[in-house]
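Q: Hi! Could you walk me through this structure? I'd like to start with a term I keep meeting.

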Amino acid sequence: MLDIIFAELIIAAIITFFVGKKIASIIAGFISILPLFALIDWANNFGFKTISFGIERQMNISVAGITLHPGITPLSWFFALMILPLFPLIMLYSYSFFKENDGFYPFMLFAFASTFGILLSR
């Protein structure tokens with residue numbers, strides 16, 4: 001399921017590049033909320049009682065014969081708790097700031113996926 005969240009971020013970034021501002025902002029706002037479900041689910045692993053969505057704590061990615069093992073640790077979960085809720089707020093605020101979809105939403109979603117990946121690096 002963690003790999004699905006990454007795929008949704010990348011696909012949404014590509015889609016928002018080709019649609020209008022209103023649709024791009026709706027897609028970006030909705031997609032930016034999805035990693036927060038992983039954050040809530042991982043709280044169960046670190047001593048908090050929350051809803052469980054069944055999102056794994058680590059995954060394996062094989063690219064060109066190299067296998068990466070991104071996953072969450074207590075320290076990265078703490079930093080994710082501080083950083084990830086900012087992105088939906090940025091998406092919400094940016095709607096009134098930009099007059100047209102000039103590439104803000106796709107690049108912001110790519111930045112979000114990058115930040116999420118950095119937080120999962122072990």
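A: Happy to! "Partly exposed" sits between two cut-offs: buried means under 20% relative accessible area and exposed means over 50%. Keep in mind that this is a predicted model.

Q: OK, so is Phe79 buried, exposed or partly exposed, and why?

A: Phe79 has 38% relative accessibility, so Phe79 counts as partly exposed. Phe78 is partly exposed too, because its value is 42%.

Q: What do Phe78 and Phe79 form?

A: They form an aromatic pair that is edge-to-face, with 5.7 Å from centre to centre and 70 degrees between the planes.

Q: How many aromatic pairs are there in the whole structure?

A: A search finds six. One of them joins Trp42 and Phe116: the ring centres are 6.2 Å apart and the planes are at 15 degrees, so this pair is stacked.

Q: Where in the chain are Trp42 and Phe116?

A: Trp42 is in helix α2 (residues 21-42) and Phe116 is in helix α5 (residues 104-120), so the pair links distant parts of the chain, 74 residues apart.

Q: And are those two buried or exposed?

A: Trp42 is buried, with a relative accessible area of 1%. Phe116 also counts as buried, at 1% relative accessibility.

Q: Which residues do ring pairs link into a cluster?

A: Phe6, Trp42 and Phe116.

Q: New topic: where is Ala64 found?

A: Ala64 is in the loop between β1 (61-63) and β2 (66-68). Its phi is near 55 degrees, a positive value in a residue other than glycine.

Q: Is Ala64 buried or exposed?

A: Ala64 counts as exposed, because its relative accessibility is 79% and the cut-off for exposed is over 50%.

Terms used. Residues are numbered from 1 along each chain as its sequence is written. This is a predicted model: local features need pLDDT of at least 70, side-chain atom pairs count only at pLDDT 80 or more; totals for chains, interfaces and linings use all residues. Side-chain values use heavy atoms; hydrogens and water are left out. Helices (H or I, at least four residues) and strands (E, at least two) are DSSP runs, numbered from the N terminus. Buried means under 20% relative accessible area, exposed over 50%, partly exposed in between (1.4 Å probe, protein chains only). Rings of Phe, Tyr and Trp (its six-membered ring) pair if their centres lie within 6.5 Å; planes under 30 degrees apart count as stacked, over 60 as edge-to-face and the rest as tilted.
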